[in-house]
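Keep the viewer open as you read.

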Amino acid sequence: MLRLDRVSKVYRVGSFGRERLHAVRDVGFEVRSGQVVALIGESGSGKSTIGKMVLGLTSITGGAITFEGTDVAGLRGHRAHKEYYRRVQGVFQDPFSSFNPVFPADRVFALIRAEYFPEVGEAEWRRRIEESLRVVRLDPAQVLGKYPHQLSGGQLQRILIARALLLDIRLLVADEVISMLDASTRIDVLNLLADLKARGMGILFVTHDLSLGNYVSDTAVILRRGAIAESGPADRVFTNPLHPYTRRLLSSVPRLHRTWAQADAELPADDGGCPVHGRAGAGDGSATLVEVEAGHFVGCAGDGEGGPCRPDPRA
Amino acid sequence: MSGVSLEVSDLTVHYRTLRGDVHALEGVGFTMADGEIMGLVGESGSGKSTLGKSLIRMDSRMRHVRGTVRLDGEELPIGDQAAMTPFRYHRVSLIPQYSMSALNPTRRIGRMIDELLESRGVRPASVRAELLRRLDLVGLSGQVLRRYPIELSGGMKQRVVMVLSTLLDPSLLIADEVTSALDVSTQRAVAQTLVEFRDRGYLAGMIFVSHDISLVNQIADTIMVMYAGKPVEKGTAEAVVNGPRHPYTRMLISSLPEVGVTHAERRLEGIPGSPPGLLDPPRGCRFRERCPLAFDKCDQEPPFVEVDRGHWAACWKAG
């Protein structure tokens, strides 16, 4: 459904934009319908840039993003974009900044109607809103007509998802949608994503939190400095991490029933080699991914900027 | 751990607003032993940051209604801004939320530290050697003093802030969400550094405020859980995580997705409802509305009592 093929993004930085910053380098993966792909990375890994490119909010420097066969970068004009957004929508980290505090929160529904469904009658539209609120497990009586400050972050986030559901969306880009929510409500939003997946929606779930990436995802893509370090079926990536970076992330994420020392001890032994080039370590990080088991890809341990994948033994 | 070093009893703090007083902290009482790292967890609005602030500096909106705080046997004049001054930074130190993003961008780190020390009546030269030694301990060279904040990464800034706030070996450090803006690997390094500071005697006790109970459990000796302005449970980290007594703690822990738990195998459930407004808080137990165990008696306030050795809970059914 959604396919990224060697996608790159280069920003011009520095004075007069003379320097180049490779925010995303040769990233490729696929999101199928009924599938959740977790895009996991730390700050600066390029995960949000990828989300923005998929949503057409920022241009693509190299490679191609195709959605159901259509090139996303090739969309021209208001009409083409509007049709694209009928099928692909995004929800972002801070639910409070997505609403205008001056208006009731349900104004986001009215905007969808004005833009996409001006022909739909009042009663019918009301029915559709109530139905999509029910899908996100909100009680229409409790949220309609309320102002953003009267609702919790979890409720606002679910209203934004309900708004997306009013359109016939096939793909949802969820960028850190639960990072700002409290522990007792974030699981509800995660469960909602699982329900949407069961209805056949494809979800690109962008997150920095590994424990959240594991709960609903089918596929995990671990990004490091703009490139894929490791990708594959989520359960394989989490139980058999092969890239040193993935291993470090997994050993650092705080877990309730494991101390950090226990987590270190439980990781499969590291032979100290690069997953691609072995102990000899001749790679410079630019090599493409290697398939180590069915669907499980891993990249070179080098830093991707010419640094070797093994520490210099003389150093 | 030896005798009690921090004793908070019946601490009640309200925020003044145009619509009335927000009962942000109500009758908070707990003790901390010497050398104890207490993790303070709760959701947004539970009062955890307010508690941290109350122990060092109330801002103009905050009103100390009643209650006392004793540190090493001496009462802290928390309601009196001027009388608190000698205690601040010397005896009680705070790393506020987002402080690493609040470093003055126009000052080199070294000059900013000197100015801060002088404002607290400390001659910078007298602690210079110790400052360099501690920077070295956290993996920063003395060169960092000549840098501007923009030249440092988040983890480096947070380490500078930690060294600075503990330079005078305070009796109590309050660390408010110090790792929440950091990446996981940096978060681990920063949290473990704070434990090392305690082990080396750079701080006698610490309140580690965080919304993440899994993180708190990694470094804390004890955990206190707050809900709607009141502590609902306190005990050793092991007891709170593995044998929680309060229904809120139990539901909170069972709602956490962990690495290895997947939706397909086990669907976790959140806690229905939301915390009560604190402008006019309900009588009795504040968790009652969301609690599956609630019964008639819950309209009376459950006391925060010791249900097991060193394990307190505020629930009629926790006994």
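**Starting from one leucine**

L55(B) sits in the loop of chain B between α1 (48–54) and β4 (62–71); helices (H or I, at least four residues) and strands (E, at least two) are DSSP runs numbered from the N terminus. Before going further, note that this is a predicted model, in which local features need pLDDT of at least 70 and side-chain atom pairs count only at pLDDT 80 or more, while totals for chains, interfaces and linings use all residues. Residues are numbered from 1 along each chain as its sequence is written, and chains are lettered from A and ligands numbered from 1 in the order in which they are written.

Is L55(B) buried or exposed? L55(B) is buried, because 21 other C-beta atoms lie within 10 Å. The rule here is that a residue is buried if 20 or more other C-beta atoms lie within 10 Å of its own, exposed if 12 or fewer, and partly exposed in between, with C-beta atoms placed from the backbone. Setting aside neighbours within four places in sequence, L55(B) is in contact with V69(B), I78(B), V92(B) and I174(B); a contact means that the C-beta atoms of two residues, placed from the backbone, lie within 7 Å.

D10(B) has a phi near 50 degrees, a positive value in a residue other than glycine. D10(B) belongs to strand β1 (residues 4–17) of chain B, and counts as exposed, with 12 C-beta neighbours inside 10 Å.

Now to the cores. In soluble globular proteins, nonpolar side chains tend to be buried together. Here, a nonpolar core is a set of buried Ala, Val, Leu, Ile, Met, Phe, Trp, Tyr and Cys residues joined through C-beta atoms within 7 Å. The largest such core has 89 residues, and L39(A), A174(A), L193(A), L204(A) and F205(A) have the most contacts inside it. Helix α6 (residues 153–166) of chain A gives this core its largest share, eight residues. Domain 1 (45–57 + 70–224) and domain 2 (240–304) of chain A both contribute residues, so this core lies between them; the domain bounds come from an automatic or database domain assignment. Which residues does A174(A) touch, not counting those up to four places away in sequence? They are V91(A), L193(A), I203(A), L204(A), F205(A) and V206(A). A second, separate core of 83 residues includes A24(B), L203(B), I223(B) and L252(B).

Back to the two domains of chain A. Their C-alpha centres lie 33 Å apart. Their contact takes four residues from domain 1 of chain A and six residues from domain 2 of chain A. On the domain 1 side, α8 (210–216) and β9 (219–224) of chain A each supply at least two residues.

Stepping back to chain A as a whole, its secondary structure comes to 11 helices and 12 strands. The C-alpha trace of chain A spans about 75 × 50 × 40 Å along its principal axes, and 46% of the 315 residues of chain A count as buried. Among contacts in chain A between residues at least 6 apart in sequence, 63% join residues at least 24 apart.

Finally, the two chains meet. Their contact takes 33 residues from chain B and 29 residues from chain A. On the side of chain B that touches chain A, α6 (184–199), α7 (213–219) and α9 (247–254) of chain B are the elements giving two or more residues, and α7(B) gives the most, with five residues.

UniProt, in an unreviewed entry, places the feature "domain: ABC transporter" at residues 2–250 of chain A; such annotations may be inferred rather than shown by experiment, and the positions are given in the numbering used here, with feature names shortened. For chain B, the UniProt annotation "domain: ABC transporter" (unreviewed entry) covers residues 6–253.
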